[in-house]
Every structure is written in structure tokens, then in C-alpha cells.
Amino acid sequence: MERTTLFADILLPLRLSGYFTYRVPFSMNETIEVGQRVVVPFGKNKLYSGLVRRVHETMPDRKEVKLLGTILDEQPMVNETQFQFWEWIADYYMCCVGEVMNAALPSALKLASETKIIINPLFDGDFTHLNEKEFLIAEALDFQKVLTLTDVSNIVDRLKVMPLIKSLIEKGVVLPEEEIQERFRPKKERAILLSENYRSDAALKQVYDQLEKRAYKQLEVLMAYLSMRGFNGMEAEWLSQTEVLKKANATTAALNPLINKGIFEQGERIVSRLVDGSETANVEDIQFNEKQQNTFDIIQQKFETVNTVLLHGITSSGKTEIYIKLAAEVMKTGKQVLYLLPEIGLTEHIINRLRKYFGNDVGIYHSRFNEFERVEIWNRVAGNSPDGKKYQLILGARSALFLPYENLGLIIVDEEHDTSYKQYDPAPRYHARDAALMLAKIHNAKTLLGTATPSLESWYKALTGKYGFAQILTRYSDLPLPEMRIVDMRHEKRQKNLRANFSIELIDRIENALKNKEQVILFHNRRGFAPRITCEVCDWTPECKNCDVMLVYHKYDNQLRCHYCGYHLPVPSVCPQCGSSALKMESFGTEKVEDDLKIIFPEAQIERMDLDTTRGKHAHFDIIKNFEQRKTDILIGTQMVTKGLDFSNVSLVGILNADQLVAYPDFRAFERSFQTIAQVSGRAGRAGKQGVVVIQTSMPHHPAIVFAAGNQFENMFEHQLLERQKFNYPPYVRLISITLKHNEPQILDAAADFFTQRLKQTLGTRVLGPEYPLIARLKNYYLKNIIVKIEPKASIKFVKNVVKDAEKLLLQHPDYKQIRVAFDVDPY
């Protein structure tokens, strides 16, 4: 019988276009499936794990086709809808599907070969021409036969060992060897099982009688096992040895004799690394007020005619309860629900509310989980978990979009306006809100966008009928919105009414809140102690050696740090330029705010929530938990404190420097300033008492601040639409941002001009630039930006093809081959 020759198109997690075709060994013809991980050779010596995209009988054009290696999975790890979604992201956001795969798969599922070295069979054994380090490696190889790079590093006590290995290869002493490494390992624990000979009632009674007389502690272990539902007639199950001994209040000294007698078998069982929750309430217990019920009904009606609905609900209007009821309705039909949040910290805050109603049906997914936990979540979403559990409701940050959903029915995008939904670097530079709409379309699901401050694009689409629209403009229980107080800091400075960086009004209100046992949130969107240190004599300021930015002073480790590349220096005692000791700190960050408040209010419990204090896995959650439990009186934070947090005892919110928000050089600065002020203001007065918001600014009449203080969203929207239309910005056009990078500014300038000229030949005035950005050098690469504006009637596909063709011409030019090009479609 003639065997069919099959070929497989393999997706590799590399920045390379398209798929790579391999021949399937005849022995795998019956077992290979789309979506499985396979090991394939790539290049001269590398092995990679790729994903099977297609299996076919079409012979590729090239003469030599490499043979596919091992199949790693019994069943597919990726489904067809995921592949469709990844391919859409690659096409729309102008990147490679391999880059999407690299972002989507948990790192433990991506295998790459580890370089090892072996003795060259042709080596004659003459060590005399080797230096000391090379001799140590060759001697170790003579004994161990194979060494990894880590082994070599330990032998020579050096981190960078590739130059040594290259030298040994050139001298004919060693050869490189590649070996694939499977990274994921299921978590196992010791377990015990009641032996088959002792599962009958008669056998158990005999054992019971013997142990009762001679070994009562052993009997307690046996009874603990039986009481944990490990025995049912002739059936038994593996139970955790630790849990059984804990229940029996015994040690292994009592268990070992039972194992030796053959009463118990000892082995291992696979256990989950994930923490499950328990359901304590029913969704039917949620009682809507009249406005919530009307909004809920409107959303369901809109979903009958459109697939996307925008819910505009002011802060504390009860949007979360609406989300929960909508999710429950969808889950009743057996479909899955994805609940997206912009920040990891918010997932910890809301997960308890969801588990209260949905128990173990709720899964969480974000970057703070380790690589093995992420694989377990991946398997539970797909329904491939060894414990048989499957998540129906998934709560997560933007990376949760890439999980292997089988049957999505609803996607909820909470705080849809938030910039954290945008992935900047590396590619794919996608926006999770926009990508969620396509994911829903692929699954034929509905999407609900919820926020108190909609993005202009979403609001515009709702007004023009592309989205359905629902609105709640009053707080739950008709609570009043907070009182907004604008403090003119220029006046305060003239009147000398400042204490540190706080106005007298803000200090008085903090003092009053603390007296009333109420809590305070202070927002300042700059971390560190002092953003700038300056010499008063020569105006010297410390700058990063890798980036065109000033170093920020961090008091906790007495370092000057770059927030872009991590470069740091100790704080100098004198100016390195003129030798003066007159160094002064200018401006202030959250660390200094915390320091000043501890002096002004020494009795208050103060915590800070920014990137520096939330690096640990549970640090964010711990800070929020302390504030919820009222162990913290004053919480200082950056953007993290503005988003979706619900604290019933907060009576005062202070915005310490609103000028930072409105003065940023970006066409979205006005919109984002309004959103940030409105969002952080919404944290005040959420439980029965009107809160107060104090906005400190030197621009009290700036429209963004005035609109935010008056909760005038529609006025802000109309104001910004006129501006955007006048200067041709979204939502009236689409943007593609192109960034060129090189470590030589002269080469970059020439390449940017060459690239822009090619674009303008076809696209004309749609092309702006090239220009250096606000920060012209990052991590030793100089940057130049080009913007392409695409009007609604133009074909975005045509424009992308023109841009890609220009990129090919650029990289084919002998002088510009080292230029790096990055595309950002719909930059935010």
C-alpha cells in the first residue's frame, strides 16, 4: 500500500514572515494535527518548537525539504479561532505572525534549543596551544563529555563565555550541539492510595482491630484517609500525604509502617498551582435600582441589532453589577466570558467580587503569574486540564485576549478608554480594546465597552450608530458627585500659603479627614523623589548615558535612575562639572510626597503605590488590601490609583499637579487630562457622604480642568472634536506611526529622508515628518518618527502596502541595512 506524503506548514516564534514547510514522517501521518507543538530544525544548528498551521500534500518549490521532528502534544494547544485572530493582528498591526505567537503563548510552552558543546572527534588531544580558561573547559569535557553554556560559565567563573567557545571551535577542540528543552513541568506532590487488598469491609475491619490494639496512631492515619472521601466501596483515590497526616495530626513515622505492611501505596499525583475560590452568593441576589435595570434592558435590546455597545456610566454608578448579570446570562448558555481590565492590580481587587458569584468558574490571567501557572490557566480555558476543570469566566489584562477560548459569548472591556490597553514594545503593538472587537467577531460574540470617561473614538462611533449606546448619569443610591475645588498654585505661592508642595486648603482638608477617621488618596503622576537635580552654580544636571533624558533621584536607594533603560548612578556629593556642593532638587515625585507627609502628619499611616512599590507578585494587592481594611490613612499613587478602585471610606482626593497632565505635547493630552481627573475624582465619596476633590494647578482656567471639575464630558467631547477635525486627527483619520532607529544619527537622518521621500511619492501630503520625537535617543538608539494619516475613504490596505514596499527598498539599500523599522497602527 502506497503511503501518502504529507507536509506541514509550521509557525515559528520569530520575526520572520509566513510559515515554514516541513515533511511529515510517515510514522506521524495519523497523529499530526493542526495546533500541536512540534520540534523542527531551523537554520544550520537550531531547533525550535513551532505550531502546526496546516497539513497538506502540496510539495514546496524548493528542492530540499527538512523533516519535521517530534510532536510534543497529544492534543492541539492552539485552536483554529486563535490562528485566525493571530493572523488578523499580524496583518492589521503590520508585524509577523511569529511575533504574535511569541506574545500569545506562555513562555513555558515555547521551546528553543539550548547550546551545548562536545569534544570534536577530530581533536588530537594536544592541549598545549590552549590558554588557561580554554584548558579548563577542554579538561572538563574530557571527563563530562557534554557541557551546557551554564556549565562552562561556572567552570571559568565568567558570565560571557561565547568568545571562549568560539575560540575553541576555531582551534578544532569542540563542536556545538543543540538540544531541545521542554520547560513546563506539572506540579506534583506525594500521595497515598489504599491498596486493593484492603478495600473490602472484611479486610478493613481486620486491619482496624489489629491497629486499635497495637498502633492507635497508625489507625488515626487510616481513619483520616477514609474520612476524606478517599474510599467508596471498592473504589479509592490518591490523596495528598500532607493533608492526610495533617488531618490525623500525625507524622510520617505513623504512615511508614502502613506503607511497609502494604496497606497503603505511596506515589505522586499532579496538583494545580492555582488557588480556587468558592461561591458564596447567587447572581439573582443582586438587586438593581431603576436606572441600572433600565440600562441592563437597553444593553440587551441593543445586542439584538449590533455586536458592540458602549456603556457610559459615571463613577460609582453600579456598572460592575451590570457586568456580572450580563456575564451570568451568557454563562447559562454554556459560553465563555472574557472580562478585560487595564491594570493587574484591578484584577486582584475585583476577583473576590466575581468569585463570590461564580466560584471556581472564574480564572485570572496576567503577567504576574509565573510561566507554569500560566500554562495551567491556558489548559483550564481550553478544557485540557488534568483535573478536568474549565474556566467559563476569565478575568485578565490585555494578554488574556490570546487564551484558547472555545466558545466566547461576551467580552467586557472595563475602563475602555485606558491607555494601558495599548501594547507599545515589542511587537505586536496592538490595542486590546480594538483587538477584542475582532476576537468577538471571530467567535460571533458580543462586546460591551464600559467606562465613566469614554475615549473620543468610542463615543464618536456610538453617536454615529456604529456602536449601541447606554448611559447612567447618577451614582448608585443617588449619591452626590464629589465637590470639586480648584486651587490656583500661583496665588498660593504669592501668598506663601504652601507647605512643601501642598496648598493650605489641601493640608486642612487632609487634617479634617484624618480627625474624622476617613481616608485620603493623593494622585501625582511622577514617581521617584526628585525628577531633577541641578547645580546652582553651573546648571549641570545628571543625564543618562544611554538615553536623552535626565536621571531621577530615588531616595530609598540613594540612586539617580533612568526610567527608560535602568541606568543608575550614586548621587554625587559635589557637582562633577564645577566641583560645587550647591546641588538642589527640583520638582517632586511620589517618594518626596510620602516623605513630606510623614513629617506633616507623623501619626498617619501612609503608603505609596507606584512602579517602585508594586514590583512583587502580590505587592499591588497587599497595598490595596491594607487600604480597604483601613490600615492605611493616606494612599499616594501614580496612575494606578485612578482606575476602577472602590473604597467606601475615602472622603478626600488630592491632585497635586494637574499641570503635568495638560502640558504634555500630544494631541490626546486634553482628552487624557480630563479622563484622569474625572477617574481619580470618582474615588471620593462613594458611601453615603459627599466627597471632596482638590485640584492643585497653575492653570485654573484651562478648559480640560474646568470641564473635568464640572463633569462636563459632552462639552469636552464637542471641544475636542472641533480641534481634531480642524487639524485632521482621529476619529476623522487613522494614523500609522513609523519609527526608524539607528545608533548613528547621520545614517538615521539620511535613511529617514530616503524612506519619507518614497512614501510621499505615492501618499503625498498624508505623510508627516520625519521628525525627532520628544526623547530623541533611547537605549543608545536615535529615533525618528514619520506619521501617515489615512482618511476614511482611503484604503488602509493600500496604504500599508505602500509603507511595506518603502520598507523593503530601505532595507535593500546598502547603507541602510542596519536600520530598525517599527510600525504602530492606531498609536495611542
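Colleague: Is Y460 buried, exposed or partly exposed?

Modeller: Y460 is partly exposed, at 25% relative accessible area. Buried means under 20%, exposed over 50%, and partly exposed in between (1.4 Å probe, protein chains only). One caution: this is a predicted model, where local features need pLDDT of at least 70, side-chain atom pairs count only at pLDDT 80 or more, and totals for chains, interfaces and linings use all residues. Residues are numbered from 1 along each chain as its sequence is written, and side-chain values use heavy atoms, with hydrogens and water left out.

Colleague: How many aromatic pairs are there?

Modeller: The count is 21. Rings of Phe, Tyr and Trp (its six-membered ring) pair if their centres lie within 6.5 Å; planes under 30 degrees apart are stacked, over 60 edge-to-face, the rest tilted.

Colleague: Why is the pair of Y460 and Y732 edge-to-face?

Modeller: Their planes are at 65°, so the pair is edge-to-face, with centres 5.5 Å apart. Y732 is buried, at 18%.

Colleague: What about F667 and Y729, stacked or edge-to-face?

Modeller: Stacked, because the planes are at 20°; the centres are 4.5 Å apart. F667 is partly exposed at 24%. Y729 is partly exposed, also at 24%.

Colleague: Which residues form a cluster?

Modeller: W459, F469, F674, F713 and F717, linked by ring pairs.

Colleague: New topic: charges. Which ring does the charged end of R23 sit over?

Modeller: The ring of F26, 5.1 Å from its centre. The rule: NZ of Lys or CZ of Arg within 6 Å of the ring centre and within 35 degrees of the ring normal. K325 has its charged end over the ring of F288, 5.0 Å from the centre.
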